[in-house]
Amino acid sequence: MLPGEQEQFLSYNGEVLVFQLLNQKLVEGASDKTMNLRVRRMTFNRDTKVFVQKSSGAFSMHDSHGKIEILCCSCTTDSRTGLILPCVLLKKRKRNNVKYLLLLLHCSNQFEQLFHFKLDYELKEDVRLFAGPSVLWRHTDKLFYISSNTCVVQSAPVQLSSVVWAGEIVDEGTVVLGIRTACLPESEDADEFSISDRAIWGSEFFAYTIQTQKVLTGTCFLPHAYSRVVSSVYVCKNERWKRQLRISLVAITRKNQLVWFQNGLPKGVCELPYEKPCSVETAVTSGNDLLFIVSFASGNTCVVQRRDSLQVASKWQKVKSVLVDDFIGSGSEQLLLLFKDDSNTDVLSTFKITDLGAVHYTSGIDYKRDVPAAEGLQENGLLTVQALETRLQAGFASVRELQQHLELKKRVILESCRALIDLVEERTHILPKAKEVKCRRWYSGLVSLWDDVESPPHCLSKETLAPQVPEHFGENLWLRVVGDNLVVGVKLMESFYLSLTDVSLSLVMDQDFSSIPPIIKCQSKIIKLNKAFSALAVSSCQVEPPSKKMKLDLHGKDDLKNEFCKRPSGVQLGGTKTVIAVTSLSPLLAFHRVCCIVLLHAKKQKHWNDGLQESKKITVLCGKILLSLEDISNGRYSVKMLRDDSYCTGSVEDILAILAVSVKYSFQVVSSECTLTPVNSWLLGKMECTPFKECHDNVFCHKAGNVYGTVFNWSLKSPFEGVLTVFCRNLTVLFQCLHSLTKVLPPSCHVKLLRCGSKGLLTEQLALALEKEILTSRSYFSKESKAEKCLTWENDAGKKINNASLASLLATEEGVQHFRKKFQNEREESVLSMNQTMSGALYQKMALKIAEAQLSSDMIMWKLS
């Protein structure tokens, strides 16, 4: 390196970025200078086994004293576009203060100055760059940070002695993990072990969130007992599991140790070969091996491998820099070690690329004189390792299959022994049923072969099976009050629901009011909530297109609409189904106190021996609900949606009630130039949304005004495309939400309203609807044609008989009389055959079924158009 030259290295998308700060005089003999920040993009050439320059760029700055330095560089997220780009933090010394500049490097090698700030001191302790881009540092046991959004230095209201890690945590944003003096609580509500650790060591771990400005407990990261020895931390994995934060990390200590922690508990430890470790990072190799790269203050580096236990796999000395990336383009990560070499000014001329496996490139080898031997050894070694890995994976799969087979044999033998013991002791042996098999882990996969076989459809008799209603078909009956709406829900057992179609609820007043009808007008919906609370599927009745009219008056029944509320064939059957009825609350409150009976209406499928199905309507009593004005005034049935630790509290019934009174709209958001990160920030920020504790994918809007109570679901298909689902009360609220969203989206984004259901699913439904329409028409007309054919056949047979015996009949008087009588009967039968009639009830039933099938196919066709 030349005098007055500074150099920093950074890996980005398989490239090595070399940042150099060079001095240049503007005029010969003048004191003013221009500092050029130069960047070179270097890529590894696998043919020549050296780094070559791909492109370069520069950024000029005026400096009269030549006191500009490169403080640090890192790859961070640009909040404007969502892209990860290299950032460089420069320090410029002046007489009374120090000026800092944050530069962002674009793919075109153009530098962009995001912001600058001045301080009366120099940044020396725990300087880090994070998403935004933003700068974070520690000074006099205080935490300071500045972001590109505000460009103002802010101070966190916490005291800390050191920062061991800063990064992104799921559902929390940017989190800083630090160490501070222990703050013992006055009450003993906290964990006793945590309190004792803090009391003994006098210090504790804590986590501070930059966006929400709240303090998290540090015990989910590390026990407080390690606060005196840990110097640096690297978080490998973080996730939410049952509303709890689960974290896996490695930490290096001042005792020259590397410790592996999982969910706040130590799982492994390794002694490091050198003293004073300063940083740790990870790499995932081609064999899915997780490597921990530890750098030391002396310039040494070691790699710790995690398999059965933590152990040092390799170590090197006189290392200037260690970079982790896919430098050879193999799809996995490798280590690039840059060594100190005083004889050569170019640091990239002395390097080593390795993943401690098949990949191994070292500078200083004359590949030109021995190219065949070096390339052959490299390729043969790589092919050998890949073949051995494939054989090893196949062997593991065979071993697992054999183990499962042996376990199944053991269970069969054990059940046979139990049956033999029951036979000897003259007891009746009860075999496990299919439902018991699913519930008991011991009998998993073991099903009776003779007692629990269901009869196939063709074995059924001509008579239909009578619909049987189980004694406990509903698991829960509940009610909620949302605004002026009363929501009543019945949670159904899955085994009962699968055999039903056209499910709906009705409310009937239990009191004797002669002046009003007892049936309460309500709207029914079916809501499916997955067991993992990962998604919601609401089946709402789609209205008809404006140009289409009802073909028949169905006497106020919603049979045709309910046809479209059936479960689509693409939806999995797992999960909980809830039938909900929504009605107006104010008419019921006029009676001050009213009791209603909840009835469930459905069609139960019945099978014939020819494979055809027919449904029979059933009505089941679900229970009674009691409403009083006093209970509603006291908020007994109100929906309670409060904030608790960045979550929206509320039971599953509260969530279902909110969705039942809302209208669902889905929008496709596509961006061609930048990622869609502003949508999530808009939901959590401007709209003041918090995720439900029961289902994190859906967020509840707490913003005051009309939009309060709106539920959003944001699903990303790719960084540039997503689907926003809105559950709102009316169109006014929807327009307000869309107007607010368009303000934060870039002008190039496109928002498109999606019709209910995917195109493939609607095509499948259309095919089924057309098939049903054809079968319905054929079933009725085939019966009439059969009757006409039978009558015609009888008439034709009679004519043949009469023609054959015509001569003998006309020979005598008795024959003539008999022929006249036969002729009269034949005339009457002919008149009857020519004037076939149909009863009015049969014609009405036929017309209703055909119109119902035609309306079903027309509705689905309208959705596809």
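Predicted model: local features only at pLDDT ≥ 70, side-chain atom pairs only at ≥ 80, totals over all residues.
Figure 1. Aspartate 78 is buried, at 3% relative accessibility, whereas arginine 80 is partly exposed, at 44%.

Figure 2. The side chains of lysine 91 and glutamate 122 form a salt bridge with an N to O distance of 3.4 Å. Lysine 91 lies in strand 6 and glutamate 122 in the loop between strand 8 and strand 9 (125–130), so this pair ties together parts of the chain that are 31 residues apart in sequence. Lysine 91 counts as buried, with a relative accessibility of 5%, but glutamate 122 is partly exposed at 28%. Both residues belong to a network of salt bridges that links Glu69, Lys91, Arg93 and Glu122. In total, the structure holds 18 salt bridges.

Figure 3. The structure contains 17 aromatic pairs. One of them joins phenylalanine 59 and phenylalanine 111; the pair is tilted, with 6.1 Å from centre to centre and 55° between the planes. Phenylalanine 59 is in strand 4 (residues 50–63) and phenylalanine 111 is in strand 8 (residues 111–119), so the pair ties together parts that are 52 residues apart in sequence. Phenylalanine 59 is buried at 17% relative accessibility, and phenylalanine 111 is buried at 12%.

Figure 4. Phenylalanine 117 and tryptophan 137 form a stacked aromatic pair, 5.4 Å from centre to centre and with 5° between the planes. Because phenylalanine 117 lies in strand 8 and tryptophan 137 in strand 10 (residues 134–139), the pair ties together parts that are 20 residues apart in sequence. Phenylalanine 117 is buried, with a relative accessible area of 5%, and tryptophan 137 is buried at 0% relative accessibility. Both rings are part of a cluster in which ring pairs link Tyr100, Phe115, Phe117, Trp137 and Phe144.

**Figure 5. Arginine side chains over aromatic faces.** Arginine 180 lies over the face of phenylalanine 206, at 4.6 Å from the ring centre. Arginine 306 lies over the face of tryptophan 260, at 4.2 Å from the ring centre.

**Figure 6. The surroundings of aspartate 289.** Aspartate 289 is placed in the loop between strand 21 (277–284) and strand 22 (290–296). Its C-alpha atom is separated by 7.4 Å from that of arginine 306, a residue 17 positions away along the chain. When residues up to four places away in sequence are not counted, aspartate 289 touches Ala283, Val284, Gln305 and Arg307.

**Figure 7. Lysine 352, a buried residue without a salt bridge.** Lysine 352 is found in strand 27 (residues 351–354). This lysine is buried yet has no salt bridge, and the nearest side chain of opposite charge, that of aspartate 355, is 11 Å away. A polar contact of 3.3 Å does join the side chain of lysine 352 to that of threonine 362. Neighbours within four places in sequence left aside, lysine 352 is in contact with Trp316, Leu335, Leu336, Leu337, Phe339, His360, Tyr361 and Thr362.

**Figure 8. Helix 8 and its setting in the whole chain.** Eight of the nine residues of helix 8 (residues 652–660) are buried, so this helix is largely enclosed by the rest of the structure. The buried residues are Glu653, Asp654, Ile655, Leu656, Ala657, Ile658, Leu659 and Ala660. The protein chain as a whole has 14 helices and 45 strands, and 40% of its 865 residues are buried. Among the contacts in the chain with a separation of 6 or more, 53% are between residues 24 or more positions apart.

Definitions and conventions
Residues numbered from 1 in each chain as written. Heavy atoms only, no water. Phe/Tyr/Trp six-rings, centres within 6.5 Å; stacked < 30°, edge-to-face > 60°. Helix = DSSP H or I, 4+ residues; strand = E, 2+ residues; numbered from the N terminus. Buried < 20%, exposed > 50% of the residue type's maximum accessible area, 1.4 Å probe, protein only. Lys NZ or Arg CZ within 6 Å of the ring centre and 35° of its normal. Lys, Arg positive; Asp, Glu negative; His and termini not counted. Salt bridge = Lys/Arg side-chain N within 4 Å of Asp/Glu carboxyl O. Polar contact = N/O pair within 3.5 Å; in protein donor to acceptor, adjacent residues only side chain to side chain. Contact = heavy atoms within 4.5 Å.
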